[in-house]
Amino acid sequence: MFYGAGIIFVYMINAAPSDIVVFPSCGGPVKGLPENLYVRGTLPTGFSEKGLGIVGSRRISPYGIRVLRELFYFLKDTELIVVSGFTAGTDSYAHEFALGAGCITVAVMPCGCDIVHPSTNKELYKRIVRGGGAVVSEFEDGFKPRKWTYPKRNRIIAALSKVLLVVEASLNSGSMITAYFASKYGRKIFSVPGDIYTERSAGTNKLAAEGAEIYLSPGQLMNEMGINKEETRRNGTTAADDDRESRILSVLKEKSPDFDDLSSETGIPGPVLNKIIVEMMLKNLIFEKGGVYYVL
Amino acid sequence: MYYKVRSFVIKGSTVVDLDIEVTISSRGIPRVEVTGVKGGECVKSIRKIRTAFSNSGLEFPNKKMNVNVYPAGLISDLADIEFPISMSILLVHSGSVSGTSDLFYGGVDSAGYLVPSVKTIFMDDGWASGRIGRLFIPDKSYYFNEKKNDLNVYKLSSLGDAAKFFIKGNGMTLIESQSLSHSYVPEIRGGAGCFCNVLGNARAKRALTISISGHHNILMLGPSGTGKSLLAEKSARMFPAGTTKDVVEILKAGVLCGLPVENVVTTPFRRPHISVSEGSLIGSPRMPGEATLGHKGILFLDEMHLFRPKVLNSLKTVIDLKKIEFHNEGVPVSYPADFLLIGAANNCMCGLLGAEDRQCKCNGKDINTYNMRMNASLLERFDILTYVSGSSLEASRLKNGEECHATCPVREQIGKAVSIQRNRLAHLGISYNSGIPYNSINRICNLEGDASSLLEMTVSRYGLSTRAVHRILAVSRTIADLENASEISAAHLAEAVQYRVKNDKP
């Protein structure tokens with residue numbers, strides 16, 4: 001285990017003590033789970049049908065963001081319960097996108113749920129509670145995160161999920177622990193395949209090799225969750241309004257260029273490209289991170 | 001016997017009146033007593049004046065004298081007012097009474113010659129008109145008379161000349177100084193080199209061109225070794241030539257900071273080290289700092305995240321006000337600080353995040369901690385955010401930087417955009433689009449139909465603050481000016497939106 005080295009960001013909220021509720025029913029009898037949970041917000045019901053666990057690396061790559069964006073584009077207003085672990089990276093993106101798509105989201109904390117950890121997610125914490133979701137923990141208020149509380153937290157994420165999606169994970173990561181518990185509890189695991197030479201995809205590729213379902217499109221996961229929608233992949237070229245937009249999209253499918261490269265690859269001069277890019281960003285076709293453009 | 005002359009002292013960048021009063025008593029032990037001055041080297045100054053008198057063949061009165069400086073406590077040494085003190089002693093001793101509305105300024109050396117001063121440049125802008133009679137300053141002093149007010153300025157070379165003029169009424173060595181305004185204009189530097197010498201990075205060059213044209217603060221982010229610092233250095237060379245007023249202001253700022261006049265350049269480029277303290281970057285009531293040295297020029301903060309957070313935060317109000325204000329011992333002190341801020345930084349602590357071929361070793365927590373050093377409200381003060389990737393295909397194709405001839409096209413483009421802005425904004429008293437005040441922004445930045453709908457969509461998509469919208473409009477105005485367009489088109493606005501620091505969470 002390699003959790004917890006370095007500084008832990010902790011932020012206390014001065015508020016009434018958390019509610020204590022009986023551990024919600026989830027798919028199948030599961031041993032070794034706590035009897036009660038501490039809850040802030042409203043704990044939804046129906047984890048056995050609607051629980052979707054999402055875990056992954058704290059250092060999420062643009063590839064991982066793209067997978068999540070596409071997934072939640074189709075999960076809009078599906079009333080799923082998105083369960084994740086509130087830490088930076090994949091977990092935060094999962095909560096954010098879930099809120100954006102109108103899903104209920106539940107954050108499972110490795111500490112007392114009055115502690116915002118990491119503290120950079122203060123705003124997210126408030127929005128999860130305000131959005132009808134909940135922040136839950138098996139630890140009492142004021143309990144600080146320790147190395148050993150993270151794997152315990154992970155087993156709760158696994159238990160509350162009907163389906164677990166592992167976006168990116170290195171071999172010894174917490175996501176692999178969550179996947180281990182999920183398979184122990186008999187949950188369906190979807191693993192997003194990646195580059196075999198990349199450390200952050202080594203775990204997900206290993207899961208796939210060991211028999212997890214290989215995640216290829218949102219449709220697969222939606223079938224498993226019992227949602228019927230026809231589209232399964234955003235087809236970039238049909239979304240484009242004109243020739244120049246489709247040229248940009250076809251370049252972005254291959255690689256992630258910066259502005260200068262995009263301009264020279266598509267042959268569109270800078271001043272014109274600016275306008276097209278902003279329009280495409282407003283249409284949610286592409287997005288920019290760190291000066292580099294990605295297709296959605 | 002009592003006599004009073006007038007002089008002044010520079011507090012901050014403002015001129016404060018001083019009265020020098022000399023009283024000679026007919027009784028008492030002969031000595032000179034100085035009042036109204038805080039501590040300091042008064043005795044030595046008086047000794048020097050005594051020597052100067054004797055070397056000029058003038059008689060120093062051997063009586064009990066009191067020299068009073070009013071208001072009291074403003075100055076701590078007599079170095080800059082030795083000339084007015086000498087003159088009042090001379091005049092009171094020669095039998096003149098009550099005083100004069102003439103103003104004297106300058107120091108005296110022991111041979112009796114007047115020491116040229118640079119601080120006299122602060123006496124322009126109509127400060128003196130109608131308030132004083134004649135102005136007497138040492139020969140070779142710097143004096144600019146922008147407004148050509150009807151003030152008579154005389155330059156004198158020695159105490160002996162002054163005595164001849166005042167006592168014998170003999171004006172033979174006087175220099176009528178009205179014709180000598182603008183006697184000093186610093187050389188325009190930065191002739192050689194421009195962006196065109198830097199490889200690739202078309203996007204960053206474009207962003208800097210807009211930044212320089214409209215005086216928009218710019219932040220360049222990118223992995224190490226991609227040319228951020230080089231681009232910033234070159235931008236000093238791309239700076240448009242300042243007006244005479246700008247040149248005077250730059251000279252004044254340099255003098256305030258104690259810079260020798262010959263070292264003042266027309267495009268200041270200041271690059272403080274990351275260890276700089278608040279006092280030396282912003283300044284203190286007694287001494288202005290780097291921000292003032294960068295007045296009307298560039299303040300370049302390299303590795304911006306590594307500056308002390310306190311120092312970075314103290315920059316915020318300076319960026320907004322374009323000056324630094326203190327209050328020192330009852331006197332408001334203000335220093336000019338209207339600089340173009342160019343920031344450069346890596347994306348993470350190790351400096352490799354975002355580099356294509358090199359792997360960054362920082363973890364998410366490190367990157368968060370690093371980014372926290374530049375808070376959102378400071379980032380918001382950058383009108384333009386650009387990424388310098390350095391991996392551009394263009395750079396790998398070109399073997400050398402483009403040859404740039406005597407007239408650089410980019411510099412010409414900047415020059416044109418600047419003159420358009422100066423014409424348009426002259427009545428507001430500003431020269432650049434970045435200074436457009438809130439109440440005039442909608443009048444000056446006319447949006448074409450589809451541009452205003454694009455702006456509305458952007459605001460709702462990214463949840464931009466009012467300040468952000470104001471800044472986007474100002475930047476798009478500059479982009480339109482670079483193309484000499486009267487209205488802002490959707491393409492201009494789109495480019496400005498691209499440069500804006502946006503929240504990239506969904």
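How many helices and strands does chain B have? In this predicted model, chain B contains 17 helices and 17 strands. Of the 506 residues in chain B, 52% are buried. The accessible surface of chain B amounts to about 21,600 Å², and carbon and sulfur atoms account for 51% of that area.

We can turn next to the interface. Chain B contributes 33 residues to the contact and chain A contributes 30 residues. Together the two chains bury about 2,700 Å² between them, with 54% of this area coming from carbon and sulfur atoms. On the side of chain B that touches chain A, at least two residues come from each of helix H4 (202-214), helix H10 (364-372), helix H12 (393-397), helix H15 (449-462) and helix H17 (490-499). The residues on this side of chain B comprise 14 nonpolar, ten polar and nine charged.

Salt bridges are the next topic. Over all chains, the count reaches 31 salt bridges. One of them joins the side chains of A:Glu245 and A:Lys283, with an N to O distance of 3.1 Å. Because A:Glu245 sits in helix H10 (residues 243-254) of chain A and A:Lys283 in the loop between helix H12 (270-282) and strand E12 (286-289) of chain A, this pair ties together parts that are 38 residues apart in sequence. A:Glu245 counts as buried, at 3% relative accessibility, while A:Lys283 counts as partly exposed, at 34%.

In chain B, a salt bridge is formed by B:Glu82 and B:Lys48, whose closest N and O atoms are 3.3 Å apart. This pair links distant parts of the chain, 34 residues apart, with B:Glu82 in helix H2 (residues 82-93) and B:Lys48 in helix H1 (residues 42-55) of chain B. Here B:Glu82 is buried, with a relative accessible area of 2%, and B:Lys48 is partly exposed, with a relative accessible area of 31%.

A further salt bridge brings together the side chains of B:Glu325 and B:Lys323 (3.4 Å, N to O). B:Lys323 counts as partly exposed, at 34% relative accessibility. Finally, B:Asp246, B:Lys296, B:Lys322, B:Asp338 and B:Arg422 are joined into one network by salt bridges that share partners.

Terms used:
Residues are numbered from 1 along each chain as its sequence is written. Chains are lettered from A and ligands numbered from 1 in the order in which they are written. This is a predicted model: local features need pLDDT of at least 70, side-chain atom pairs count only at pLDDT 80 or more; totals for chains, interfaces and linings use all residues. Side-chain values use heavy atoms; hydrogens and water are left out. Contact means heavy atoms within 4.5 Å. Buried area is the accessible area (1.4 Å probe) that two parts lose on being put together, summed over both. Helices (H or I, at least four residues) and strands (E, at least two) are DSSP runs, numbered from the N terminus. Ala, Val, Leu, Ile, Met, Phe, Trp, Tyr, Cys and Pro count as nonpolar, Asp, Glu, Lys and Arg as charged, and the others, Gly among them, as polar. Buried means under 20% relative accessible area, exposed over 50%, partly exposed in between (1.4 Å probe, protein chains only). Accessible areas come from the Shrake-Rupley method with a 1.4 Å probe; for residues, only the protein chains shown count as cover. A salt bridge is a side-chain nitrogen of Lys or Arg within 4 Å of a carboxyl oxygen of Asp or Glu.
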